[in-house]
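I opened my notebook to look around a structure that is new to me. Come along, and let us take the entries one by one.

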Amino acid sequence: MKINLGTAFVGALFLHLALIGILASNISLDKPEKPEDGMGNIMHAVIVSPPAKGSEQGRRKDSNAVKKQDPAANQANEEKRRQAEADLEKRVAEQKAAEQKRQADLALKKAEEAKKKAEAEKKALEEKKKAEEAKKKAEAEKKALEEKKKALEEKQKAEEARKKAEAEKKALEEKQKAEEEAKKKAEAEARRKAEAQKAADALENELFGTSDGIEGGQGLGGGSGIASQYGSKVQTLIEQQWRIDPSMQGKTVVVTIQVGSDGVISGEKCRGDKRVCDSALNTLRLIGMLPMPPRECKDCNNIVITMTPKL
């Protein structure tokens with residue numbers, strides 16, 4: 001620890017002044033005391049003016065004055081002087097020790113203050129560093145969270161787009177499938193109607209030969225015979241278009257239908273097994289029209305057919 005130069009200068013000045021004071025006091029102490037009256041054993045020093053140069057008489061007087069000094073007084077003065085020097089050295093040493101202690105205490109105090117200051121600065125620096133690290137960490141976590149959120153949103157958008165594309169593709173496929181099925185169904189229906197019309201035309205030609213229902217302009221016999229023949233051919237036409245399954249095998253039903261002069265079917269009824277009846281009536285509705293009954297056959301407008309499905 002460095003010692004302030006001003007403090008050192010003041011301390012040195014104080015020591016010098018103290019030394020001067022102590023020397024002055026010791027000098028006054030060394031001054032011989034005036035002997036009491038009646039004590040003639042103490043010699044008083046007398047200042048004698050030096051004799052003139054070359055004066056032998058003067059030199060002798062001086063020599064005599066020195067010889068007249070008391071040895072005991074000289075020894076006492078010497079002891080006092082030595083004691084004063086010892087006291088001065090002791091006081092100087094004590095003052096020096098006190099000053100050194102004061103300087104040491106001051107240096108220690110300054111060192112402690114500097115240590116505390118350094119520790120406080122270190123702590124403040126560490127706290128600042130921790131705060132900066134915490135801030136960076138928080139910013140990094142926030143950024144990572146935002147990136148994660150953004151990635152999730154993009155993933156959701158991509159998933160929604162994928163689902164939408166799949167739904168549109170599926171809808172298109174279903175539409176195409178429906179159109180194809182409708183087309184196939186329409187084509188099948190057209191073929192069925194064409195086949196039914198063809199069969200009806202064939203049956204009509206077979207039954208009647210001409211448009212008025214009389215082959216060669218001649219009747220086919222009695223009215224009941226014509227009705228029976230017409231009913232038999234109608235049954236054959238229905239059976240050709242009838243789609244049956246094994247569960248309908250051998251179940252007999254009675255179908256009653258009315259046929260208009262133009263061959264349009266109406267008033268169709270059925271007695272017997274419900275499932276077989278439903279199938280027979282659906283077949284009649286699909287056919288829709290029969291060959292025109294002969295004009296001379298009044299019984300041909302109401303036909304009763306007994307039908308038994310056979311595979």
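**Entry: Gln 103**

Is Gln 103 buried or exposed? I looked up its relative accessible area, and at 12% Gln 103 is buried, since buried means under 20% relative accessible area, exposed over 50% and partly exposed in between, with a 1.4 Å probe and protein chains only. Gln 103 sits in helix H3, residues 71–208. Helices (H or I, at least four residues) and strands (E, at least two) are DSSP runs, numbered from the N terminus. I also found a polar contact between the side chains of Gln 103 and Glu 99, at 2.7 Å. A polar contact is a pair of N or O atoms within 3.5 Å; within protein, one must be able to donate a hydrogen and the other to accept it, and residues adjacent in sequence count only if both atoms are side-chain atoms.

Residues are numbered from 1 along each chain as its sequence is written, and side-chain values use heavy atoms, with hydrogens and water left out. The average pLDDT (the predictor's confidence in each residue, from 0 to 100) is 77, and 68% of the residues score at least 70. Over residues 27–55 the pLDDT is below 50, and this stretch has 15 contacts beyond near neighbours in sequence; contact means heavy atoms within 4.5 Å. Residues 207–223 also have pLDDT below 50, with 24 such contacts. I keep a reminder here: where pLDDT is low, the predicted coordinates should not be read in detail.

**Entry: the core**

Which residues have the most contacts inside the largest nonpolar core? They are Val 234, Ile 257 and Leu 290, in a core of 25 residues. Helix H4 (223–241), strand E1 (253–259), helix H5 (274–287) and strand E3 (302–307) each supply at least two residues of this core. A nonpolar core is a set of buried Ala, Val, Leu, Ile, Met, Phe, Trp, Tyr and Cys residues joined through side-chain atoms within 4.5 Å. Not counting residues up to four places away in sequence, Leu 290 touches several residues, including Tyr 230, Val 234, Ile 257 and Ile 265.

**Entry: helix H5**

H5 has 14 residues and reaches 20 Å from its first C-alpha to its last, close to the 20 Å expected at 1.5 Å a residue; the expected span is 1.5 Å times one less than the number of residues. Asp 273 caps the N-terminal end of H5, with a side-chain oxygen 3.1 Å from the backbone nitrogen of Arg 275. Just after H5, Gly 288 takes a positive phi of about 75°. Among the buried residues of H5 are Val 276, Leu 281 and Ile 287.

**Entry: disulfides**

How many disulfides are there? I count 2, a disulfide being a pair of cysteine sulfur atoms within 2.5 Å. One joins Cys 270 to Cys 277, S to S 2.1 Å, and is left-handed, with -70° about the S-S bond. Cys 277 is buried, at 6% relative accessibility. Another joins Cys 297 to Cys 300, and both of these residues are buried. The torsion about their S-S bond is about 85°, so this disulfide is right-handed.

**Entry: Asn 302**

My last stop is Asn 302, in strand E3. Leaving aside neighbours within four places in sequence, Asn 302 is in contact with Ile 257 and Gln 258.

Note on methods: This is a predicted model: local features need pLDDT of at least 70, side-chain atom pairs count only at pLDDT 80 or more; totals for chains, interfaces and linings use all residues.
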